[in-house]
Amino acid sequence: MGNISNPCLLPHLPQPVETTDDAFWDQFWADTATTIQDVFALVPAAEIRAVREESPSNLATLCYKAVEKLVQAAESGCPSEKERQIVLNCTRLLTRILPYIFEDADWRGFFWSTVPGARQDEGNDDGARPLAESLLLAVSDLLFCPDFTVQSHKRDAEEDMQSIDSCEYIWEAGVGFAQSPPLDYIHDLNRTELLKLLLTCFSDAMYLPPSAENNILNRWVTFFSSTDNRHALPLFTSLLNVVCAYDPVGYGIPYNYLMFSDYREVLVEHAVQILIVTLEHEAGAAADTLVGPDNLFVNYLSRIHREEDFSFILKGLARLMTNPLIQNYLPNSTKKIQFHQELLVLFWKLCDFNKKFLFFVLKSSDVLDVLVPILFYLNDARADQSCVGLIHIGVFILLLLSGERNFGVRLNKTYSVRVPMDIPVFTGTHADLLIMIFHKIITGGHQHLKPLFDCLLTIIVNVSPYLKSLSMVAANKLLHLLEAFSTNWFLFSASQNHHLIFFLLEVFNNLIQYQFDGNCNLVYTLIRKRNIFHQLANLTSDPVTIHKVKRERMCSLITFTAGVLCTSLVRSFLLSLPIDGDLLSFLCTVLRQVLSWKSKLPLQTIMRLLQVLVPQVEKICIDKGLTDESEILKFLQHGTLVGLLPVPHPILIRKYQANAGTAMWLRTYTWGVIYLRNVDPPIWYDTDVRLFEIQRI
């Protein structure tokens, strides 16, 4: 970089270069203008690794000197253009090098060591600060540097960086700040460069393998969000406000995003990524423990309580989540954001850390402005293996919301907004939409989504006591699931599959016991499909029959694996295999375990409903010669089962329970998203990431 004669080379020299040789080191961040893309092109991965292995002292000095430049700039306020360019060059160089420090076990602790000869900080009694702390504090200072990253409040005089109250320089109006500073694209660009470096510092977590027992705190995040960082509050507020205030549509002018660059969007992407990384549960045995008692980002988020702040956050997130769904008559005329996965993680953390926010979200039908885009994402991604993580976070959010009564109540609002989804046209509620999307995920989603079936049905169970009127389409979808799950082939193919039947029966029982009056469509569908319940009540317990089912499944698997149709001869051979005594004994043992649940099937309410209503419907059809579905529905609408059903069972809501496994999954998913989203430049590409596996296409 800069004035180096061969700019692609780092200090790859056989002998160490003294730290005092400023003329040598300054050439790496000379005032020649570069971009971060230039730095990545000029400093190849092989060169960094070669210096790390063959000239380690020079790499250490390079890192130290780059951090030293940032510290000096943070103290001086980098008043000149030359100093600002040096800051940007040092920032870009460190962003390039840090992943190669983290990937090597011998180097991972380097930034947490003190450098011999480094000066002592006033607030540090143990000598010189670790390099990591100096770097984080300098970057935090620079994020509130007048005329570099924020608007100066003094026209004629330079501002003293040490006396600046950064709470007066928050980047955007919103939570805790009323003034909206004028947009300055240079400031946005500089902020983005510094946030990119912060994100790279925090990515230390990517170089540790995943483990539910891995409760090692991210030292970078812990220090950055601690009381040692005097800018923690204005930083948190700036990041949150910039995200929630962002409007990608702008003034609504078609194709406006093609006419000019939106520097704010890139800043918003990095801001939301910094937020979701710093707001993190400890992934250890104590699942409810936060990253640490001093995580001020978590602390500040959990203490937000004003309704106007909640409204600002919710409206902002809903606007951004809905953006990819916007349709116009002019194709591609509206800008589409790409960071919806990060928004989902941020929304999850807001609801998880701040229960008052969760209750605010559910207090009005505004929650539906979040529900619809989530359902859109789930439907859109259901068959894409690369989007399994997106579906998981979406389902987890809905599971969290469904644990509260108000969510079920809000679902009764009529669904009138038409979103581009491949579902049948229907007249109904948001509950109908949710059921139809879940049905598509279960019946047409990727095979890796099968572990989510329990979660999907749990959500429907949780909301079912409050659903006043299901559409005919949704009622048929629920009965179709029951029909599919109650086949012998499915029931006996895995020991836990019967749980899905219990969930669906619980849904029907809740609707009958608590919302019978408005659910004539469901009652009609139950009557029409009554044979499913009779078959469940008379499930076979014959070992020979079940062995036949197992062999049918084996035949199907062979067929699927071979990729050809199984001939009738092969099928006949498989099905005619004898059952010896040992196998019969084994099957009987298995039966006692797979079928111990049979007697617990909660069929009483449904069977009683059928016992009462089927004869009535059959009689009215004969007496009045009814063949029209609408007439039967009208009869059922005015029917009653008061006093005829078993005593209503208590409503059981299954709430999301935080645990170490989910926390570790969320950390892995979060960093996986950030890894894939940062491709210009590709910060972590081709480094030895260990938190997740990278599949190259």
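How are helices H5 and H7 oriented to each other, roughly parallel or roughly antiparallel? The legends below take up this question first and then turn to two further close-up views of the model, which is a predicted one.

**View 1. Packing of helix H5 (residues 81-102) with helix H7 (residues 185-202).** In this predicted model, the axes of H5 and H7 lie 9 Å apart and pack at an angle of about 20 degrees. Because angles under 35 degrees count as roughly parallel, H5 and H7 are roughly parallel to each other. Their crossing is left-handed. On the H5 side, the contact is made by Leu88, Thr91, Arg92, Leu94, Thr95, Leu98, Pro99 and Phe102, and these residues meet Asn190, Glu193, Leu194, Lys196, Leu197, Thr200 and Cys201 in H7. Sorted by class, the residues of this contact comprise eight nonpolar, four polar and three charged.

**View 2. Crossing of helix H17 (residues 388-402) and helix H31 (residues 660-677).** Here the two axes come within 11 Å and cross at roughly 135 degrees, which makes H17 oblique to H31. The crossing of H17 and H31 is left-handed. From H17, the residues Gly389, Leu390, His392, Ile393 and Phe396 take part in the contact, and they meet Thr662, Trp665, Leu666 and Tyr669 of H31. The contact of H17 with H31 contains six nonpolar and three polar residues, with no charged residues.

**View 3. The largest cavity and the residues that line it.** Four cavities of 30 Å³ or more are found in the structure, and the largest cavity holds about 90 Å³ of space. The lining of the largest cavity is formed by 10 residues, and those nearest its centre are Glu280, Lys349, Leu666, Arg667 and Thr670. Two elements, helix H11 (263-278) and H31, each give two or more residues to this lining, and H31 gives the most, with five residues. By class, the lining of the largest cavity is made up of five nonpolar, two polar and three charged residues.

Conventions
Residues are numbered from 1 along each chain as its sequence is written. This is a predicted model: local features need pLDDT of at least 70, side-chain atom pairs count only at pLDDT 80 or more; totals for chains, interfaces and linings use all residues. Side-chain values use heavy atoms; hydrogens and water are left out. Axes are lines fitted to C-alpha atoms, for helices over the stretch in contact, and angles run from 0 to 180 degrees between N-to-C directions. Helices (H or I, at least four residues) and strands (E, at least two) are DSSP runs, numbered from the N terminus. Angles under 35 degrees count as roughly parallel, over 145 as roughly antiparallel, 65 to 115 as roughly perpendicular and the rest as oblique. A crossing is left-handed if the near helix is turned anticlockwise from the far one by less than a right angle, and right-handed if clockwise. Contact means heavy atoms within 4.5 Å. Ala, Val, Leu, Ile, Met, Phe, Trp, Tyr, Cys and Pro count as nonpolar, Asp, Glu, Lys and Arg as charged, and the others, Gly among them, as polar. On a 1 Å grid over the protein atoms alone, a cavity is a set of points where a 1.4 Å probe fits but cannot get out, and a pocket is an open set with protein on both sides within 12 Å along at least five of seven lines; lining residues have an atom within 4 Å of a point. Grid points are joined across faces, edges and corners, and a volume is the space filled by probe spheres set on the points.
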